[in-house]
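Biologist: I've got a new structure open and would like to talk it through with you. Can you take my questions one by one?

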Amino acid sequence: MKPYDAIRTRLARSPEAGAAAGFSVIFLVFSLATPDTFLSHSAISSILNSQAVPGILAIGITLLMISGEFDLSVGSILGVSSLAFLYATVNGVPVLLAAGIGLIVGCLLGLINGLLLVSTGIPSFIITLGTMLAYRAIPLTAISGGRIIRYADYSRESPIIEVPGLVVFILTLALFFLVLWIARDIWRARNQSIKSKVLVAVALLFVTYLVIEALLPHPLMPVKIDFFYALNGRIEPGNYRTGILWWIGLTAVFAIILSQSRFGNAVFATGGNAQAARLQGIRIDRVRVTNFVISGFLAALAGIIQVARLKSVDPLRGTGLELEVIAAVVIGGTLLTGGYGSLIGSAIGTALTGMLRTGLVLMQVPSNAFRGAIGAIMIAAVVINNFVRKER
């Protein structure tokens, strides 16, 4: 096999390979250009903290793009869901119920996108472009005059959740054994790739950490949880935040679902060849609607996690975020035409965009150059995707 064909084969088998290579090159450039500042904990934590919310959004966008669809409304859904959550919280609704309201709003808005798509046959690009503007009108109307809703204006204390110790014990133990059972089956399977096994190992370590934190200190004592801290609080020592753990954990979970479940196979089949997938008995409309609901749910969750850090909502929350996320997903190796992609690649692409923003600032490059650099990298990613397309 010629070296040219070998490279193309390797890239085709691993959608995230191109993103990983680009990430390594850019990381090396910034490390050599500004070694004292770029490699510091403050710079690395800044990159990861800022990309946790886009990273969670990228999960839903990746699922949609693999199935051959777009969602330009995720930024608006994030804004509406954030508003619903914080408005309910400051008006006396228990914080868990308020979070549930925000998540339901995100799912409903995603469901509207999906139903409009399958009922009208209009391309999702046009559907979600319209709903992006329609959904954005909700916070613009609800928060008139450019005001900002701040949690601190209503309470000086973070919302606290008290969970019975027995409930915590049962839930964490059940979660641990569930992940352990899934990990055992995947680890024993001979046909599973190293990547799948690494994902399972990451998920298992994450859940083990939760079990240790929840069970060891006071096994059956009631647990008081600072809701905002649990979602996006600062982890000591350092300036890292728990939002990073949510990003990593959700990416690992959905990556396992995408690669190991029937639903994941249906997503790839729907984006690769919808007609053939339908003939095989896959309900492609259901797959598309489900992906839009998942995207709306993740946008709402990302919005709530962002509120947990900023403790405020403004009318333009999430504006422009959808384009940055789509660019990160494309950089991560997902084809615009569907049927090919990787959640790990999307996570790498998201981290790459954050690294690029921070690195340019440290090199004292004007901030306006960031979007130009992202555009150039995105074009290069599309060229690489087309380069491996024949191998697919």
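Biologist: Let's start with Asp 314: what is its relative accessible area?
Modeller: Bear in mind that this is a predicted model. Buried would need under 20% and exposed over 50%. Asp 314 counts as partly exposed because its relative accessible area is 22%.

Biologist: Which residue does Asp 314 meet in a salt bridge?
Modeller: The cut-off for a salt bridge is 4 Å between the side-chain nitrogen and the carboxyl oxygen. Here the N to O distance is 3.3 Å, and the partner of Asp 314 is Arg 317.

Biologist: And is Arg 317 buried or exposed?
Modeller: The cut-off for buried is under 20%. Arg 317 has a relative accessible area of 7%, so the residue is buried.

Biologist: Which residues do salt bridges with shared partners join into one network?
Modeller: Arg 288 pairs with Glu 69 at 3.2 Å, N to O. Arg 288 also pairs with Asp 285, this time at 3.8 Å. Those shared partners give one network of Glu 69, Asp 285 and Arg 288.

Biologist: How many residues apart in sequence are the parts that Arg 288 and Glu 69 tie together?
Modeller: The side chains of Arg 288 and Glu 69 meet in a salt bridge. Arg 288 sits in helix α14, while Glu 69 is in the loop between α4 (41-66) and α5, so the parts tied together are apart in sequence by 219 residues.

Biologist: What about Arg 288 and Asp 285, which helix holds both?
Modeller: These two are three residues apart, about one turn of the helix. Asp 285 is partly exposed because its relative accessibility is 32%, while Arg 288 counts as buried at 17%. The helix that holds both is α14.

Biologist: Now over to α6. How far apart are its end C-alpha atoms?
Modeller: Helix α6 runs over residues 95-120, which is 26 residues. At 1.5 Å a residue, the helix should span 38 Å. The model agrees with that, because the end C-alpha atoms of α6 are apart by 38 Å.

Biologist: Which elements do the buried residues of α6 pack against?
Modeller: The buried residues of α6 include Val 95, Gly 106, Leu 109 and Leu 117. The buried residues of this helix pack against α5 (74-90), α7 (124-142), β2 (160-163), α10 (227-232) and α14 (284-310).

Terms used:
Residues are numbered from 1 along each chain as its sequence is written. This is a predicted model: local features need pLDDT of at least 70, side-chain atom pairs count only at pLDDT 80 or more; totals for chains, interfaces and linings use all residues. Side-chain values use heavy atoms; hydrogens and water are left out. Helices (H or I, at least four residues) and strands (E, at least two) are DSSP runs, numbered from the N terminus. The expected span of a helix is 1.5 Å times one less than its number of residues. Buried means under 20% relative accessible area, exposed over 50%, partly exposed in between (1.4 Å probe, protein chains only). Contact means heavy atoms within 4.5 Å.
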